[in-house]
Amino acid sequence: MSNINVKIHPEWSEILNDQFHSNYFKELKAFLVQEKKQHIIYPPGKQILSAFDMTPLSKVKVVIIGQDPYHGPSQANGLCFSVSDGVSHPPSLRNIYKELSNDIGMPYPKSGNLEPWAKQGVFLLNATLTVRAHSAGSHQKKGWEIFTDAVIQKLSEERQGLVFLLWGNFAIAKTKLIDTKKHHILTSVHPSPLSAHRGFFGSKHFSKINEILKEQHIDPIDWTIE
């Protein structure tokens with residue numbers, strides 16, 4: 001990954017070594033290098049694998065699966081649903097915060113940056129990890145999905161008792177990659193304004209996650225964002 005300048009925790013680097021040296025990943029890298037010459041790409045190169053740098057494999061407790069990075073300026077920061085400090089909150093993130101407020105009483109935050117979750121073991125994974133500026137879905141089917149499906153399978157194989165949060169049909173389809181005898185899965189519609197009122201609001205997923213973690217004698221997540 002050197003020519004797109006990413007950071008990644010050594011635990012992930014080791015377990016994903018076979019992916020990084022596969023033919024599909026070489027083609028993906030070549031595509032990204034070419035794209036970068038002609039277009040603006042989000043997130044910035046060093047943040048493409050931020051989720052893998054902030055949340056080591058051994059520290060993962062919860063997995064949230066998104067689809068595509070935000071494609072507006074300064075939005076995507078390598079963590080699904082998250083934006084950098086000072087950036088206005090996209091609609092899905094606003095709805096996540098509304099549900100958090102209703103579920104656990106968290107005051108609505110100023111920051112849209114979900115790094116505090118990542119550092120506690122919430123692995124914030126998009127299925128596609130890059131996007132061309134102002135062009136939603138432009139890097140789908142270029143190889144990222146093969147990579148992130150492999151990541152989900154590695155999490156399922158290597159870990160026990162994780163809570164997978166699958167919002168929307170796209171994420172729910174990833175259930176086939178997860179050993180449901182070893183792990184917990186919570187599903188609902190996507191937090192997008194198009195669907196949130198059909199079951200995302202009122203799902204109480206955040207308090208349910210902490211109940212599941214406590215039952216396993218694992219420290220719960222402090223969901224509070226400032």
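Trainee: Which residues does Phe123 touch, not counting residues up to four places away in sequence?
Mentor: Keep in mind that this is a predicted model. Phe123 is one of the residues that touch the most other members of the largest nonpolar core, which has 67 residues. Leaving out residues up to four places away in sequence, Phe123 touches Trp12, Ala51, Phe52, Thr55, Val60, Val62, Val63, Ile64, Val151 and Leu155.

Trainee: Which residues in that core touch the most other members?
Mentor: In soluble globular proteins, nonpolar side chains tend to be buried together. Here the largest nonpolar core has 67 residues. Those touching the most other members are Trp12, Phe52, Ile64, Trp117, Phe123, Phe147 and Leu155.

Trainee: How many aromatic pairs are there in the whole structure, and what is the geometry of Trp12 and Phe52?
Mentor: A search of the whole structure gives 18 aromatic pairs. For Trp12 and Phe52, the ring centres are 5.2 Å apart and the planes stand at 80°. Planes over 60 degrees apart count as edge-to-face, so the pair of Trp12 and Phe52 is edge-to-face.

Trainee: How many residues apart are Trp12 and Phe52, and are they buried or exposed?
Mentor: Trp12 belongs to helix H1 (residues 10–15) and Phe52 to helix H4 (residues 50–54). The pair links distant parts of the chain, 40 residues apart. As for accessibility, Trp12 and Phe52 are both buried.

Trainee: What type of pair do Tyr97 and Tyr108 form?
Mentor: Tyr97 is in helix H5 and Tyr108 in the loop between H5 and H6, so their pair ties together parts 11 residues apart in sequence. The centres are 5.4 Å apart, with 90° between the planes. The pair is edge-to-face.

Trainee: Are Tyr97 and Tyr108 buried, partly exposed or exposed?
Mentor: Buried means under 20% relative accessible area. Tyr97 has 0%, so Tyr97 is buried. Tyr108 has a relative accessible area of 40%, which makes Tyr108 partly exposed.

Trainee: Which residues are linked into a cluster by ring pairs?
Mentor: Trp12 and Phe52, the edge-to-face pair, are two of the residues in this cluster. The cluster consists of Trp12, Phe20, Tyr24, Phe25, Phe52, Phe123, Trp144 and Phe147.

Trainee: Which residues is Gln19 in contact with, leaving aside its neighbours within four places in sequence?
Mentor: Gln19 sits in helix H2 (residues 17–20) and is buried, with a relative accessible area of 13%. Apart from its sequence neighbours within four places, Gln19 is in contact with Tyr24, Phe25, Phe147 and Ala150.

Trainee: How do H5 and H9 pack?
Mentor: Two packed helices are described by the angle between their axes and the distance between the axes. For H5 and H9 the angle is about 60° and the axes are 8 Å apart. That angle makes H5 oblique to H9.

Trainee: Which residues meet where H5 and H9 pack, and what is the contact by class?
Mentor: From H5 come Ile96, Glu99, Leu100, Asp103 and Ile104, and these meet His205, Phe206 and Ser207 in H9. By class, the contact has 4 nonpolar, 2 polar and 2 charged residues.

Trainee: Which elements do the buried residues of H9 pack against?
Mentor: The buried residues of H9 (residues 205–215) are His205, Phe206, Ser207, Ile209, Asn210, Ile212 and Leu213. These pack against strand S2, helix H5, helix H6, strand S5 and strand S6.

Trainee: Where is the cis peptide bond that joins Tyr42 to a proline?
Mentor: Most residues other than glycine have a negative phi, and most peptide bonds are trans. The bond in question has an omega of about -10°. Its proline lies in the loop between strand S1 (41–42) and H4, and the bond joins Tyr42 and Pro43.

Trainee: What is phi of Lys141, and is Lys141 buried or exposed?
Mentor: Lys141 lies in the loop between strand S4 (131–132) and helix H7 (144–158). Phi of Lys141 is positive, near 60°. At 76% relative accessibility, Lys141 is exposed.

How values were computed:
Residues numbered from 1 in each chain as written. Predicted model: local features only at pLDDT ≥ 70, side-chain atom pairs only at ≥ 80, totals over all residues. Heavy atoms only, no water. Buried < 20%, exposed > 50% of the residue type's maximum accessible area, 1.4 Å probe, protein only. Helix = DSSP H or I, 4+ residues; strand = E, 2+ residues; numbered from the N terminus. Contact = heavy atoms within 4.5 Å. Phe/Tyr/Trp six-rings, centres within 6.5 Å; stacked < 30°, edge-to-face > 60°. Axes fitted to C-alpha atoms, helices over the stretch in contact; angles between N-to-C directions. Parallel < 35°, antiparallel > 145°, perpendicular 65-115°, else oblique. Nonpolar A, V, L, I, M, F, W, Y, C, P; charged D, E, K, R; others polar. Core = buried A, V, L, I, M, F, W, Y, C linked by side-chain atoms within 4.5 Å.
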